[in-house]
Amino acid sequence: MTDGFLVPGPATAGPLAASVARVAELAGRVGLSHGEVFDVHKLSEASGVPTEVVGALLEGRPAGRPDLQARFLQRFDLLRRTRLKPNGRRYTQQEIADGAGMSRQQAGALINGDRRPTMEHCDAIQRFFKVHAGFLTADDADALNGALQRTEQRLLQDYAGEGDPLERLLQDHGVRGIAWRAAQLPTDKHRDKVTEWLDMLLESVKPTEPADSSKPTDA
């Protein structure tokens, strides 16, 4: 930990490690410090993952809440603390209930952990607080990975067109974007389909070899 942010270590293998590496490289190329892109507090608010879990995951250590109910309660509480009304106050239980289309009793039971949420409850609450789908339910590593991917997208958008080096960076990143999208597929079977499709595409655009003029033609 340095000045309130974490310097990423060797994250565990997989999509999260790939995202950490891409964001770190991109930040370096455009002149941003790690503190600006790997601030654990900002990543916690963006992903819903507790700061200590964010730090552990960035360092490559196993961490997180495996229980869906525990994750829901922790992230719902984070939403209520960080997504405030324009006047800076928290939304009341009744306002959440009205905005999410449920009774005050239902909202209270969800907030207090007396009732397990359904996917409909989660979707309604996420829409009310204007956060992305899966905010309340995604696995901690997946949630952090999503936050880093959104950081990556913002960096690319913010710095697009501000000079030739960045234009070249964006061009390079287009290739990596294909790999990134493939990495988000749920199984190796899906990724094999992408590979198969790319092979077919490469074959279709491969230039045909010109006829060898040195060879004699039939009379």
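## Lys-130 and its loop

Helices, in the sense used here, are DSSP runs of H or I with at least four residues, numbered from the N terminus. In this predicted model, Lys-130 is placed in the loop between H8 and H9. Its relative accessible area is 74%, and Lys-130 is therefore exposed, since the cut-off for that class is over 50%.

Lys-130, although it is not a glycine, has a positive phi of about 55°.

## Aromatic pairs

The structure holds 5 aromatic pairs. One of them is formed by Tyr-91 and Phe-129, whose rings are arranged edge-to-face, at 5.9 Å centre to centre and with 85° between the planes. The two partners are 38 residues apart and join distant parts of the chain, with Tyr-91 in the loop between helix H5 (68-82) and helix H6 (93-100) and Phe-129 in helix H8 (residues 119-129).

The two residues of this pair fall into separate accessibility classes: Tyr-91, at 23% relative accessibility, counts as partly exposed, whereas Phe-129 is buried, with a relative accessible area of 6%, because the limit for burial is under 20%. Both residues belong to a cluster in which ring pairs link Phe-72, Phe-76, Tyr-91, Phe-128 and Phe-129.

## Packing of H3 against H4

Helix H3 (residues 40-47) packs with helix H4 (residues 51-58) at an angle of about 110°, and the axes of the two helices are 9 Å apart. Because angles of 65 to 115 degrees count as roughly perpendicular, H3 is placed in that class relative to H4.

On the H3 side, the contact is made by Val-40, His-41, Leu-43, Ser-44 and Ser-47, while H4 contributes Thr-51, Val-54, Gly-55 and Leu-58. By residue type, the contact of H3 with H4 comprises 4 nonpolar and 5 polar residues, with no charged residue taking part.

## Arg-150 in H9

Arg-150 lies in helix H9, which covers residues 140-159. With a relative accessible area of 26%, Arg-150 is partly exposed.

Leaving aside residues up to four places away in sequence, Arg-150 touches Ala-46 and His-132. Ala-46 is 104 residues from Arg-150 along the chain, yet the C-alpha atoms of these two residues are separated by 9.2 Å.

Technical notes. Residues numbered from 1 in each chain as written. Predicted model: local features only at pLDDT ≥ 70, side-chain atom pairs only at ≥ 80, totals over all residues. Heavy atoms only, no water. Buried < 20%, exposed > 50% of the residue type's maximum accessible area, 1.4 Å probe, protein only. Contact = heavy atoms within 4.5 Å. Axes fitted to C-alpha atoms, helices over the stretch in contact; angles between N-to-C directions. Parallel < 35°, antiparallel > 145°, perpendicular 65-115°, else oblique. Nonpolar A, V, L, I, M, F, W, Y, C, P; charged D, E, K, R; others polar. Phe/Tyr/Trp six-rings, centres within 6.5 Å; stacked < 30°, edge-to-face > 60°.
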